[in-house]
Structures are given as structure tokens and as C-alpha cells.
Amino acid sequence: MMWSRRRFLAVSSTATLGGLAGCFGLTGGQQQPTESTTQTTPPSANGTPRPMPDTLEDVELGLATLSTGFTSPVDVAIPSTFQGTRHFVVDQPGLLWLHDETGQREDPYLDIRDRVVDLGGYDERGFLGVAFHPNFGENGKLYLRYSAPNRPGTPSNYSHTFVLSELTVSPDATSATADSERILLEIPQPQSNHNAGSLAFGPDGYLYVGVGDGGGSNDSDGGHVDDWYDAGDGGNGQDVSQNLLGSILRIDVDTESGGRPYGIPDDNPLVGKGPFEEQYAWGFRNPWRFSFDREDFYVADVGQGAWEEVSLVEKGGNYGWSVREGAHCFRANDCPTETPDGDPLIDPVIEYPHSGDGPTGIAVIGGFVYRGAEVPPLDGAYVFADWNAQGRLFAAIPSESRPWDIVEVPFADDVDLGTHILAFGRDARGELYVCTSDQSGVGGSTGKLCLLTLP
């Protein structure tokens with residue numbers, strides 16, 4: 001039998017985005033476990049009990065490789081509609097691949113390469129995120145986030161157009177087309193980087209959308225607006241009145257209002273206060289992956305040259321960029337901790353430097369709180385990574401004090417994770433999936449999807 005190089009592997013017990021930080025700049029459809037898993041130790045592959053480590057420092061991880069052959073797998077969505085048996089992997093050039101209980105189809109589930117900008121080498125644009133409606137099994141609606149060539153309304157000297165769209169497909173089908181595409185939102189993108197890309201439905205049933213700050217370094221390149229912070233050059237993160245950049249948006253995809261193809265939740269913080277009522281929180285640079293854990297909303301924001309951060313985000317919160325990078329002043333010895341209106345610039349719950357002792361990196365990759373049974377010691381820990389961490393994985397335990405302590409969780413010696421972690425996913429059981437690549441750009445076929453296990 002001839003196998004496509006895209007054909008998924010059977011589950012085994014072993015096993016891009018480049019330059020995301022500094023001047024480079026860099027799941028949807030995630031599911032909420034219905035209840036906490038009990039603290040029992042699952043058996044190993046040969047049926048013998050696995051020992052329970054005393055602390056996270058004693059944990060060694062394994063991997064089950066589910067699929068290989070991707071170019072740049074930047075998102076994985078696992079709809080609860082199918083009891084977690086279907087894994088949809090976003091490949092950055094414009095393909096969505098389906099892995100289910102039968103393995104991998106020879107052809108992609110969805111191909112939108114004709115809608116996505118041409119990619120090659122290092123590139124932060126492309127097909128960046130997918131989310132499935134909570135009632136996908138009934139309405140067949142899924143949501144795409146991608147970078148398109150300049151569309152009407154995007155200045156000719158801008159890089160591309162941010163697109164958020166909706167498809168209606170047959171829920172049980174193993175392939176789909178984009179013929180039903182309905183455009184929900186288009187945003188002019190001045191630079192090619194800081195595109196964010198996360199989509200996720202929250203526990204409130206609304207769709208949350210990550211939007212980067214427009215790109216460039218120091219918030220001084222074209223496309224950035226003046227803001228209230230006179231010590232800086234301006235920037236979209238601190239602006240809520242001139243564009244949607246540098247924000248997390250929250251919209252109601254089940255209604256339409258104000259001439260928009262979507263609704264604005266009545267309790268969005270800027271309702272009645274300006275032209276961009278979609279905004280839920282702001283002060284972000286490049287929120288590369290966010291996730292919900294019950295009511296908690298974790299947003300990882302890629303820093304510039306010094307600090308990476310993860311915040312617990314709340315409605316109407318301002319998370320500091322570009323006045324602050326993490327909990328530190330950006331390009332200044334002293335800076336405010338609140339806006340002129342008295343709104344606080346909220347510090348992250350997790351931060352780590354680009355150099356020094358302990359965990360370091362250059363571009364945080366947001367993850368999930370672990371709620372599964374495969375790796376009991378991780379229960380309740382927020383698991384994340386850094387793009388430049390050469391296959392290392394980090395975990396932080398929520399605590400009252402900030403920032404939370406970070407622990408590196410190593411893999412067993414025989415595990416080949418890949419050099420670059422690009423994204424995480426979580427299924428309805430609370431198990432975690434990792435998308436990785438050995439490439440620092442969009443190319444090749446080293447990308448793979450793995451499930452976290454114990455060795």
C-alpha cells in the first residue's frame with residue numbers, strides 16, 4: 001500500500017514560526033474537561049503501574065506520536081462533538097488536516113491555500129488558527145483565522161489583511177470546502193509580524209480572538225498610532241479608539257448587530273464607549289496562544305528583547321504593552337503602573353527572561369492547565385513552552401503570589417520532541433497535545449503532533 005507522506009501514523013508509545021521575539025516579533029476549539037480527574041496512576045504500555053513522582057522536578061515525560069509530515073503545525077483543535085477522537089491540525093501554508101480513530105485521510109480536511117498569502121522561509125503570516133462552534137454537531141460551524149493578500153480597505157503599503165471567517169460544513173464529513181465562507185472580520189495589518197492567531201470559545205459561549213499589535217519593533221514602525229504614554233513612541237497596545245490591534249476580542253457569532261456580521265456581548269467593557277466594542281482586554285504585543293481552564297483565561301504574550309509573559313486575563317484588563325514588558329518598564333528606568341484614568345497595568349502571573357539563570361527563551365508558546373490522567377503529577381499545572389527552548393517543556397503551579405514559580409519538566413532520554421514547539425491542544429479528557437517542528441521557518445516536513453504521556 002502506498003502511503004502519502006501526510007498519512008498519520010498509528011499512535012505509538014515513543015515518539016513555524018521563527019524569530020518570534022525582539023525585532024522579529026514571532027486553540028482554537030479547545031475543550032473544557034467536565035470534571036477534575038482523580039489522582040490515580042495510569043498503567044504503562046506493558047500494564048505495570050507507573051510510579052508517582054513526589055514533585056514536578058521528579059517528572060519525566062514521554063510522547064505518543066500521532067502524526068508527522070507537517071510543514072508548520074501551528075494549532076490543533078479537538079472538538080468535544082466527537083468525544084475527542086478527531087484532531088484537526090492547522091498547517092501554516094493553508095491546510096487543515098484530520099486525524100481520527102481510523103488514522104489520517106490521504107487528502108487534507110480543508111485547503112484554503114488560495115486565500116492565504118504565499119509563504120516561505122521565516123514568516124509569521126499564514127493559516128494561524130481554527131475553532132469549532134460549541135454546537136458544531138448541530139450547526140456545522142467552524143471559524144478560521146488567516147492572513148490574506150491586501151483586500152479593499154487595507155492600505156497598499158500594508159503587509160496583508162487579517163481575516164476571521166465562518167464556514168458551515170457537514171459535521172460528520174471527513175473533508176470540507178471553503179465554498180460557504182462568510183467573512184466576519186477583516187483588519188489591515190501594517191507589518192508581517194505580531195499576528196497572534198488564537199481562536200477559542202470561552203465557557204460563556206462567545207468567541208475570543210487574539211490580535212497582535214501590528215508588528216515592527218519598539219511600536220515605532222508604520223501602522224502604530226499615538227497613545228497616552230508620552231515617554232514612548234506610541235503604539236496600538238495602549239489604544240482602544242483607533243483600531244483593534246494589540247487586543248483580545250470577544251464576539252457573539254450567533255447574532256448580528258450594528259451592521260456587523262456578529263454580535264457584541266452586552267457586558268463587553270467598551271460597549272457604548274467607542275467605535276471598537278469588540279475589545280475585551282488590551283495592552284498586548286503578540287498573544288501567541290491562549291486557553292481557558294474553567295473560568296480562568298490564560299494568555300501568553302511574546303515579549304520583545306527581555307521578558308516573556310503569561311497573564312490571567314479579565315474583562316477590561318490592560319496588560320501593559322508597550323509601557324511595560326512583563327512586570328518591567330520597557331525601554332525606561334521608570335514607568336507608570338496605571339493609565340492616566342487610574343486603570344492598573346496588570347502584571348503577568350508567569351514571566352521569564354531572555355537570559356540569566358533558570359528558564360529562559362525568546363518567544364513564549366502558550367499552553368493549557370493539565371487536567372488529564374496520563375500524567376497525574378501535572379494535574380493543575382499550567383504547561384507551556386518557549387519556541388527557542390530546544391524541545392524543553394515548562395510548568396507552573398498557580399499560587400497567590402506573583403510571578404508563579406516555573407519548573408522545567410524534562411523528557412525521557414529516548415524522546416525526540418523536536419527543536420521548536422509551536423502550539424498546544426487539550427481534549428475533553430484534559431490530555432495535552434503538542435505541535436512541533438525541527439524547522440525555524442515555513443518549510444520542510446518535520447512537523448508532528450504528539451500526545452504527552454509518561455514513559
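What is the torsion about the S-S bond of C329 and C335, and why is the disulfide left-handed or right-handed?

Guide: The model is predicted, and the answer should be read with that in mind. The torsion about the S-S bond of C329 and C335 is about -90°, so the disulfide is left-handed. In this bond the S to S distance is 2.2 Å. A search of the whole structure finds one disulfide.

The two partners fall into separate accessibility classes. C329 has a relative accessible area of 25%; because buried means under 20% and exposed over 50%, C329 is partly exposed. C335, with a relative accessible area of 10%, is buried. As for other cysteines, C435 takes part in no disulfide, and the nearest cysteine sulfur, that of C450, lies 8.6 Å away. A pair of cysteine sulfur atoms must be within 2.5 Å to count as a disulfide. C435 has 0% relative accessibility and therefore counts as buried. C450 is likewise in no disulfide, the nearest cysteine sulfur being that of C435 at 8.6 Å. The relative accessible area of C450 is 0%, and C450 is buried.

A sheet may be described next. Four strands form an open sheet in the order β15-β16-β17-β20, with antiparallel pairing. Its edge strands are β15 (287–293) and β20 (350–353), each of which pairs on one side only. On average, neighbouring strands of this sheet are turned by 10° against each other, direction ignored.

Although β15 is an edge strand, seven of its seven residues are buried, so β15 is largely enclosed by the rest of the structure. Five bridges connect β15 with β16, and these two strands run antiparallel. Among the paired residues, D293 has D296 in β16 as its bridge partner. The hairpin of β15 and β16 has two residues between the strands, and in this hairpin R294 takes a positive phi near 55°.

On to the next pair of strands: β16 (residues 296–301) and β17 (residues 307–312) run antiparallel and are joined by four bridges. Within β17, S311 is the residue that stands opposite V299. As a general point, side chains in a regular strand alternate between the two faces of the sheet.

To draw the account together, the disulfide of C329 and C335 is left-handed because the torsion about its S-S bond is about -90°, while the sheet is open and has the strand order β15-β16-β17-β20.

Technical notes
Residues numbered from 1 in each chain as written. Predicted model: local features only at pLDDT ≥ 70, side-chain atom pairs only at ≥ 80, totals over all residues. Heavy atoms only, no water. Pairing = 2+ DSSP bridges. Axes fitted to C-alpha atoms, helices over the stretch in contact; angles between N-to-C directions. Buried < 20%, exposed > 50% of the residue type's maximum accessible area, 1.4 Å probe, protein only.
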